[in-house]
Amino acid sequence: MQLYTPGLHILATFRAPVAHLTDAAACQAFFDQQINRLGLVKVGEVYHSFPNHSFTAVVGLTESHLSIHTWPEFGQATFDVFLSNYQRDNSATVRQLYAETLRFFEATELTKTEVAR
């Protein structure tokens with residue numbers, strides 16, 4: 001039996017320009033680009049836009065998931081990404097995906113929690 005090595009889960013809230021918080025199509029293209037670039041495997045996704053142009057997105061990955069929920073009326077978003085370490089150590093990948101997300105949204109981090117799970 002193999003030893004289980006916990007993966008890394010980042011949960012964060014950030015502030016970003018409203019234009020980024022209301023552009024679900026751009027976010028989807030960005031997530032797809034990052035998933036391909038980082039060698040992750042998408043198994044499903046849901047993007048939903050609300051009447052005020054906020055959106056929520058959840059992307060299932062063989063490695064686990066990433067999600068975002070935007071609140072343009074507050075200039076904020078909540079984001080999380082979890083990648084298991086079942087086949088390889090993905091900790092650096094989680095941190096890189098989070099950093100790229102902050103850059104893409106031109107965001108300022110408000111809170112960030114890292115959980116080994």
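The radius of gyration used here is taken over C-alpha atoms, and the rule for a globule is 2.2 Å times the number of residues to the power 0.38. For 117 residues, a compact globule would come out near 13 Å, and the protein chain has 14 Å, which agrees. The structure is a predicted model, so to speak of local features takes a pLDDT of at least 70 and side-chain atom pairs count only at pLDDT 80 or more, while totals for chains, interfaces and linings use all residues. Residues are numbered from 1 along each chain as its sequence is written, and side-chain values use heavy atoms, with hydrogens and water left out.

Now the overall layout. The C-alpha trace of the protein chain spans about 50 × 25 × 20 Å along its principal axes. Three helices and six strands make up the element count of the protein chain, where helices (H or I, at least four residues) and strands (E, at least two) are DSSP runs numbered from the N terminus. Read from the N terminus on, the order is β-α-α-β-β-β-β-α-β. Contact here means heavy atoms within 4.5 Å. Of the contacts with a separation of 6 or more, 60% come from residues 24 or more positions apart.

As for the surface, the protein chain exposes about 6400 Å², and carbon and sulfur atoms supply 56% of that; the areas come from the Shrake-Rupley method with a 1.4 Å probe, and for residues only the protein chains shown count as cover. A residue is called buried under 20% relative accessible area, exposed over 50%, and partly exposed in between (1.4 Å probe, protein chains only). On that scale, 41% of the 117 residues of the protein chain count as buried.

Next come the rings. A pair of aromatic rings is described by the distance of the centres and the angle of the planes. Rings of Phe, Tyr and Trp (its six-membered ring) pair if their centres lie within 6.5 Å; planes under 30 degrees apart count as stacked, over 60 as edge-to-face and the rest as tilted. A search of the whole structure turns up six aromatic pairs. One of them joins F14 and F105, a tilted pair with 5.5 Å centre to centre and 45° between the planes. F14 sits in strand β1 (residues 8-15) and F105 in the loop between α3 (91-104) and β6 (108-116), so this pair ties together parts that are 91 residues apart in sequence. F14 counts as buried, because its relative accessibility is 0%, and F105 is also buried at 0%. Ring pairs link F14, F30, F31, F79, Y98, F104 and F105 into a cluster.

There is a charge over a ring too: R117 lies over the face of F82, at 5.2 Å from the ring centre. The criterion is NZ of Lys or CZ of Arg within 6 Å of the ring centre and within 35 degrees of the ring normal.

Salt bridges were searched for across the whole structure, and there are five, each one being a side-chain nitrogen of Lys or Arg within 4 Å of a carboxyl oxygen of Asp or Glu. D32 bridges to K42, with the closest N and O atoms 2.7 Å apart. Since D32 belongs to helix α2 (residues 24-37) and K42 to strand β2 (residues 42-49), the pair ties together parts that are ten residues apart in sequence. K42 also forms a salt bridge with E45, the closest N and O atoms being 3.1 Å apart.

Another bridge brings together the side chains of E114 and R95 (2.8 Å, N to O). This pair links distant parts of the chain, with E114 in strand β6 and R95 in helix α3, 19 residues apart. E114 counts as partly exposed at 34% relative accessibility, and R95 is partly exposed at 41%.

Back among the strands, A77 is placed in strand β5 (residues 76-83) and is buried, with a relative accessible area of 0%. Not counting residues up to four places away in sequence, A77 touches A12, T13, F14, L21, I68, H69, T70 and W71. By C-alpha atoms, A77 and N36 are 23 Å apart in space and 41 residues apart in sequence. T13 belongs to strand β1 and counts as buried at 17% relative accessibility. Leaving aside neighbours within four places in sequence, T13 is in contact with Q76, A77, T78, E109, L110 and T111.
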